[in-house]
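Grab a pencil and work through these exercises with the model open beside you. Try each task before you read its solution.

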Amino acid sequence: MTATHILLLIGAYFIVLLLISHFTGKNDSNADFFKAGKQSPWYLVAFGMIGASLSGVTFISVPGWVEASEFSYMQVVFGYSLGYFVVAYVLLPVYYRQNVTSIYEYLDERFGFVSYKVGAISFFVSRVLGAAFRLFLVAIVLQQFVFDTWNVPFELTVTLSILLIWIYTFRGGIKTIVWTDTLQTLFMLVSVGLSIYFILDQMNWSFMDFLSSSELKEYNKTWFLEDFSQKNHLVKSFLGGMFITICMTGLDQDMMQKNLTCKTLKDAQKNMVSFSIVLVAVTFLFMLLGALLFIYAEKFQIAVPLMDGNPKSDLLFPEIALNSGLGMTVAVTFILGLIAAAYSSADSALTSLTTSFCVDFLGIGHKPEIMKKKIRKATHIGMSLLLIIVVIAFKHILDTNVIDGLLQVASYTYGPLLGLFAFGIFTKHQIKDKYVWVVALVSVIICYILGKLPPENLGGYVFGYELLPLNGLITFIGLHLIRKKSSDQ
């Protein structure tokens, strides 16, 4: 498949998204942009959230991770499932009861102005970095397999990618995204299914042959119980996964904004529970695809592609799909799946960043009605420019597997949010609000230092995703220390 063919396919795909945007963004109102008029069917939101949760990171980086970590990621995913139940039955009732637009408005009502801003800033930093990780991944694939052919610089590739997202989201916002996510999830799942089918066909294997093969056994170890000090131990991965979900879904404006478009709390809970079950099965399918890619590459002597002179496992899937002779069907579905997976998370991230900045930082709800739409549109442009800058910066500083890097960042940035919401929901204490930023900063610094300590200084112990709940616990303890005495209250 040539670079020209890929570009034409991308163009056709975005024409479809623009058509959806045209019909869903007719009102061009802030109510539709921020909340979709609270009319989204729960099953539509649930299906679309699969693509948004998996994103381009899972589509490429999880299969690429299998070689080094086998199926250990599934331990994290099972933790995700429990986390989704916590989100559905602990956090969603709070948000629906208070009828919030930004979920961080809860912190303003519960604790005060400083807590509100600390929560909003924590999300803002987390989501900018998370969205940039995802966009970076699709940009390097497009660069390697399309734009390098025409000597187009990486910076222009990134700019064009984000410009396309801006074009189809600037009117309808979250209302458009609920529908585009559904289409994008469908493309992504079809792509994975067809890729597995055609690779197995090329190897003269049935699916059952693959599952029972000795080659798969080299990659499919799932449970790691031997050494608790290691990062991938079952308990650490499971608990880390649970808290990652609570934070990156339940305390994240991006993911919650979609749930808050459902008509009722009951609908939002049905969406969350059904989505959590399907996500486990879909992620396992990705792990199988990852193992199959490495088995196929070894059999046909396909080398892992290089990026800046170094092997980049994230690029193995596109290399096999586009350049290994599997046929046009695999190439077309891979490109559609890649774009769908990447943009299904990036477009909602851009919308949620716009929403959070408008509501949490600019106080759009208190502005004159005539100014509200102008503020929203200007902010949407500003968030697009910010993402362009951060994605370009990643090319020069990122040296790890993308999904591993994404979860590491979450360990630091979502911890204060976890501590704040837990303290607000599970205690009745008031706090000295002006000191909250100190507690959050100290917590992040402590966890960062712990995460960077050499294992030999800790008796061989390696910190993994348990840094996230530890960060939340330190924040919780700090908030307890600055609580108001009964005489102060």
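A salt bridge here is a side-chain nitrogen of Lys or Arg within 4 Å of a carboxyl oxygen of Asp or Glu. By that rule, the count comes to four salt bridges. Keep in mind that this is a predicted model, where local features need pLDDT of at least 70 and side-chain atom pairs count only at pLDDT 80 or more, while totals for chains, interfaces and linings use all residues. Residues are numbered from 1 along each chain as its sequence is written, and side-chain values use heavy atoms, leaving out hydrogens and water.

**Exercise 1.** Find the salt bridge of Arg127 and work out which parts it ties together.

*Solution.* Start with the partner: the side chain of Arg127 meets that of Asp252, at 2.7 Å from N to O. Arg127 sits in helix 6 (residues 113-145) and Asp252 in the loop between helix 11 and helix 12 (253-259), so the pair ties together parts that are 125 residues apart in sequence. (Helices are DSSP runs of H or I with at least four residues, numbered from the N terminus.) Finally, check accessibility: both Arg127 and Asp252 are buried. Buried means under 20% relative accessible area, exposed over 50%, and partly exposed in between, with a 1.4 Å probe and protein chains only.

**Exercise 2.** Take the salt bridges of Lys270 with Asp267 and Glu226 with Lys221, and sort these residues into buried, partly exposed or exposed.

*Solution.* Lys270 and Asp267 come together at 3.6 Å, N to O. They are three residues apart in helix 13 (residues 265-299), which means about one helical turn separates them. Lys270 has 36% relative accessible area, so call it partly exposed; Asp267 has 16%, so it goes under buried. Now the other pair: Glu226 and Lys221 meet at 2.8 Å, N to O. Glu226 is exposed at 59%, and Lys221 is partly exposed at 32%.

**Exercise 3.** Look at Lys236: is it buried or exposed, and which residues does it touch?

*Solution.* First, locate Lys236 in helix 11 (residues 234-250). Its relative accessibility is 3%, so Lys236 counts as buried. Then list the contacts (heavy atoms within 4.5 Å). Leaving aside residues up to four places away in sequence, Lys236 touches Phe228, Ser229, Gln230, Lys231, Tyr461, Val462, Gly464 and Glu466.

Key:
Helices (H or I, at least four residues) and strands (E, at least two) are DSSP runs, numbered from the N terminus.
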